[in-house]
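Let's take a walk through this protein together, one piece at a time. Have the sequence and the 3D view handy as you read.

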Amino acid sequence: MSAGYHSAASSPSPANPEISVCIATYRRADRLELLLSDLAKQRLAPYEVIVVDNDAAGSAGPVVERLRRAGLPFRITYAMQPVKNISLTRNRTVELATCEWLAFVDDDERAPDQWLALLAAATAQHAADGVLGPVVPVVPDEAPDWIRRGRFYDFPRMQTGALVPPNRLRFGNLLLRAAPVKALETLFDPAYGLTGGEDGDMLARLALAGARIVWCDEACVLEPVEQSRLNLKWILRRALRGGQDFARHTLAGKYGPRTARRLRLFTRALLQLVAAALLTVLMLPLGRHRAAFWLAKASANIGKLSIFIGMHYREYA
């Protein structure tokens, strides 16, 4: 375990813990305003909200200042991190946070009023160092029918209290004990700053250090799907990046023992790519959404294989 780590089993959560909500934002001022308004209505109010702006122009600043003047039931801290890098931006939110618990939510999400209370209750009930909850996509009515039928934006869900496996750890809706996070030698690795995958990398390292992260299926946040994502190109690119993340974390030993890892990963990805490509063709007569599903699987396996030649899709570049 990392130095300074304190297990939840030996330090039960208080009924109403002090929570720092950490938000990394980039040019989503309108979405950020809605999220901050949601946080002001929480049944369990955060002690503070940290907003770190990755836009060198400071586009989130006026929103934060306007809401601060209007009055908020929590302290709000705004800072800029001008170098374009999601890892450095997330690191800054953690550096500025002062509470025993850190909640992470994306700047384009909506938080129902019971969100923080449910996460906090789950840490106590399940003696957890962290709680992960669902991010529920909200697909607009005008989306094409094949997009709506394909459920391309859904994440897998689990039973409340279940230990989250390393390959499903991610950000977007998460509460973590601050001590083990701040005890990590490296928080969010800047090497992932333009590609993404920094969240899975950090959480897998945290879990390997002994942190217990469980699922709470009731603690949902909502994510309206942007118009720019309602197309096959975005779906395939996101699948490609997901495959690359999986391969990078696997090869780094985040998901299991190192024995014969490279050969096993390469062979499985190649076989799965061939199978997915075949199923794409076979499923096309049964509906575009079914063919697109398998085409995305093929793209994910191309992503895994591309890591062997040093390719990294820079989603945030």
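Which residues in helix 1 meet which residues in helix 2? Before getting to that, keep in mind that this is a predicted model. On the helix 1 side, you'll find A29, L32, E33, L36 and S37, and they meet V63, V64, R66 and L67 in helix 2.

Helix 1 covers residues 29-39 and helix 2 covers residues 61-70, and they pack at an angle of about 30°, with 9 Å between their axes. Angles under 35 degrees count as roughly parallel, and that's why helix 1 and helix 2 are described as roughly parallel to each other. The way helix 1 passes helix 2 is a right-handed crossing.

Let's zoom out for a moment. The protein has 10 helices and nine strands. Its C-alpha trace spans about 55 × 45 × 40 Å along the principal axes. For 317 residues, a compact globule would have a radius of gyration near 20 Å, and the protein agrees with that, because its own value is 20 Å. Of those 317 residues, 51% count as buried. Take the contacts between residues at least 6 apart in sequence, and 82% of them join residues at least 24 apart.

Next stop: helix 7, which runs over residues 198-208. Is helix 7 largely enclosed or largely open? Eight of its 11 residues are buried, so helix 7 is largely enclosed by the rest of the structure. The buried ones are E198, D199, G200, D201, M202, L203, A204 and L206. What do they pack against? Their partners are helix 3 (86-96), strand 7 (173-177), helix 6 (178-183), strand 8 (213-215) and helix 8 (232-251). After helix 7 comes G210, which has a positive phi, near 115°.

Finally, find D55, in the loop between strand 2 (48-53) and helix 2. Buried means under 20% relative accessible area, so D55, at 4% relative accessibility, counts as buried. What does D55 touch, once you leave aside its neighbours within four places in sequence? The residues in contact with D55 are then T25, Y26, R27 and M80.

Notes: Residues numbered from 1 in each chain as written. Predicted model: local features only at pLDDT ≥ 70, side-chain atom pairs only at ≥ 80, totals over all residues. Heavy atoms only, no water. Axes fitted to C-alpha atoms, helices over the stretch in contact; angles between N-to-C directions. Helix = DSSP H or I, 4+ residues; strand = E, 2+ residues; numbered from the N terminus. Parallel < 35°, antiparallel > 145°, perpendicular 65-115°, else oblique. Left-handed = near helix turned anticlockwise from the far one by under 90°. Contact = heavy atoms within 4.5 Å. Rg over C-alpha atoms; globule rule 2.2 N^0.38 Å. Buried < 20%, exposed > 50% of the residue type's maximum accessible area, 1.4 Å probe, protein only.
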